[in-house]
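I opened the notebook to look up domains, charged side chains and their partners. Entries follow in the order I checked them.

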Amino acid sequence: MYANASGPVLPGPNDPCWCGSGRKYKKCHQPKDRLALLQGGTAGPQVANGSAPVRPGVVSPMRQVPSHIVRPDYAESGRPQSKRQQPLVKDAATIARMRKAAQAARRVLNTTLAAVRPGITTDELDAIAHETYLREGGYPSTLNYHGYPKSICTSVNEVICHGIPDSRPLNDGDIVNVDVTIFLDGVHGDCSETVPVGTVDAESLALIEATRSCLMAGIGSVRPGSRICDIGRAIEEVAAVSNYGVVRAFVGHGIGEVFHMDPQVPHYYDRNASTVLQPGMTFTIEPMINLGTWRHRSWPDNWTAVTADGKRSAQFEHTLLVTEKGVEILTLDPSLPQPFPH
Ligand code: MF3
Ligand code: CO
Ligand code: CO
């Protein structure tokens with residue numbers, strides 16, 4: 001180990017990189033850090049208010065789902081049957097089922113978020129969510145999805161998405177995204193929010209509120225005749241005001257009887273996302289917005305995605321229905337009015 005003139009202790013060349021990628025420092029961030037130091041900058045994780053980088057904890061055994069709860073096709077094998085290219089426009093009966101699943105997802109999310117406080121572990125949040133899915137009569141869609149081991153995703157601080165609940169207690173000053181997906185009556189409902197843990201610095205709070213605004217701006221572009229690429233354009237416009245990074249590697253997705261299906265919904269402007277929206281389409285918008293770079297690294301668990309510079313990231317997600325007049329937010333909290341023509 002050797003010291004970085006301006007602060008954090010950096011790993012030795014053959015030690016694991018500070019970013020958590022599991023690669024040797026010399027094969028990962030060391031060349032970049034050297035350049036930064038030569039240019040008089042700082043090296044190592046650029047974390048807010050002195051919080052240490054998030055590190056993997058212990059993951060508890062998979063939670064069980066009683067046999068009376070109907071499971072998606074991948075629940076045993078871990079492999080979903082590939083049927084991404086189902087009809088994008090859902091019929092009225094499917095839409096009715098999706099409204100119910102989406103509202104159940106919202107209740108699971110609200111119950112789980114209400115338990116967030118300093119000292120609780122992300123595994124304890126997973127346990128609360130798991131029991132709530134079962135009480136709703138639904139299956140936690142992420143459980144064994146491509147082998148994912150838990151019932152929610154919990155993404156803390158610089159974790160962009162797909163954080164696995166584990167033994168790490170939340171600290172005062174953290175931010176955490178909780179992402180809930182339920183499989184109920186044959187369809188999925190998917191939503192997430194990022195919340196502060198205890199007292200959080202102003203920069204992180206601003207990131208959280210801007211990310212919520214990015215999601216709402218994206219949703220506001222949705223109406224029959226608009227295109228998928230209009231969503232990313234609207235999100236980028238809001239993020240650019242604060243110079244935030246918009247994550248490109250993870251996108252929103254069509255949803256229904258299949259968890260992740262077409263269309264893909266980029267959160268940046270992608271001219272190739274030319275699908276024209278029609279009433280009856282259902283998809284998520286779930287922007288991940290970073291204080292710094294949009295680039296990410298993956299942890300060796302092959303799930304957890306973290307920002308490449310160690311700065312914080314926030315995310316909000318809704319499941320949406322394109323309607324004749326505009327858009328209905330299926331996962332909206334029932335105490336709130338639909339914000340757009342629907
Ligand atoms: N809920 C996430 C989404 O918004 C998906 C998580 S898949 C998992 O699409 F396997 F990582 F859990
Ligand atoms: Co989600
Ligand atoms: Co999603």
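This is a predicted model: local features need pLDDT of at least 70, side-chain atom pairs count only at pLDDT 80 or more; totals for chains, interfaces and linings use all residues.

**Entry 1: Glu-124**

With that cut-off in hand, I looked at Glu-124, where a polar atom of the side chain lies 2.8 Å from the backbone nitrogen of Thr-121. Glu-124 sits in helix H3, which covers residues 122–136. I have Glu-124 down as partly exposed because its relative accessibility is 38%. I also checked Pro-169: it is 45 residues from Glu-124 along the chain, and the two C-alpha atoms are separated by 9.0 Å.

**Entry 2: salt bridges**

How many salt bridges does a search of the whole structure find? I got twelve. I went through some of them.

Asp-123 pairs with Arg-63, with the closest N and O atoms 3.2 Å apart. Asp-123 counts as buried because its relative accessible area is 14%.

Next I took Arg-168 and Asp-174, whose side chains meet in a salt bridge at 2.9 Å, N to O. Buried or exposed? Arg-168 is buried at 15% relative accessibility, and Asp-174 is buried with a relative accessible area of 1%.

Then came Asp-230 and Arg-233, in a salt bridge at 3.2 Å, N to O. They are three residues apart in helix H5 (residues 228–241), so about one helical turn separates them. I noted Asp-230 as buried, at 19% relative accessible area, and Arg-233 as partly exposed, at 36%.

I wanted to know what two other Asp side chains do instead.

Asp-270 is in the loop between strand E10 (261–265) and strand E11 (282–285). Asp-270 is buried but has no salt bridge, and the nearest side chain of opposite charge is Arg-271, 7.1 Å away. A salt bridge needs the atoms within 4 Å. What I did find is that the side chain of Asp-270 reaches the backbone nitrogen of Asn-272 at 2.9 Å.

Asp-333 is in the segment after strand E17 (327–329). Asp-333 is also buried with no salt bridge. Which side chain of opposite charge is nearest to Asp-333? I found Arg-106, at 4.9 Å. The side chain of Asp-333 makes a polar contact with the side chain of Asn-110, at 2.8 Å. Leaving out residues up to four places away in sequence, Asp-333 touches Arg-106 and Asn-110.

**Entry 3: the two domains**

Last, I checked the domain assignment, which gives domain 1 (1–44) and domain 2 (92–329). The contact takes nine residues from domain 1 and eight residues from domain 2. Their C-alpha centres lie 31 Å apart. Domain 1 and domain 2 bury about 490 Å² between them, 49% of it on carbon and sulfur atoms. What crosses this interface? I counted zero salt bridges and one residue pair in polar contact, both residues at pLDDT 80 or more.

Methods
Residues are numbered from 1 along each chain as its sequence is written. Chains are lettered from A and ligands numbered from 1 in the order in which they are written. Side-chain values use heavy atoms; hydrogens and water are left out. Helices (H or I, at least four residues) and strands (E, at least two) are DSSP runs, numbered from the N terminus. Buried means under 20% relative accessible area, exposed over 50%, partly exposed in between (1.4 Å probe, protein chains only). Lys and Arg count as positive and Asp and Glu as negative; His and the chain ends are not counted. A polar contact is a pair of N or O atoms within 3.5 Å; within protein, one must be able to donate a hydrogen and the other to accept it, and residues adjacent in sequence count only if both atoms are side-chain atoms. Domain bounds come from an automatic or database domain assignment. Contact means heavy atoms within 4.5 Å. Buried area is the accessible area (1.4 Å probe) that two parts lose on being put together, summed over both.
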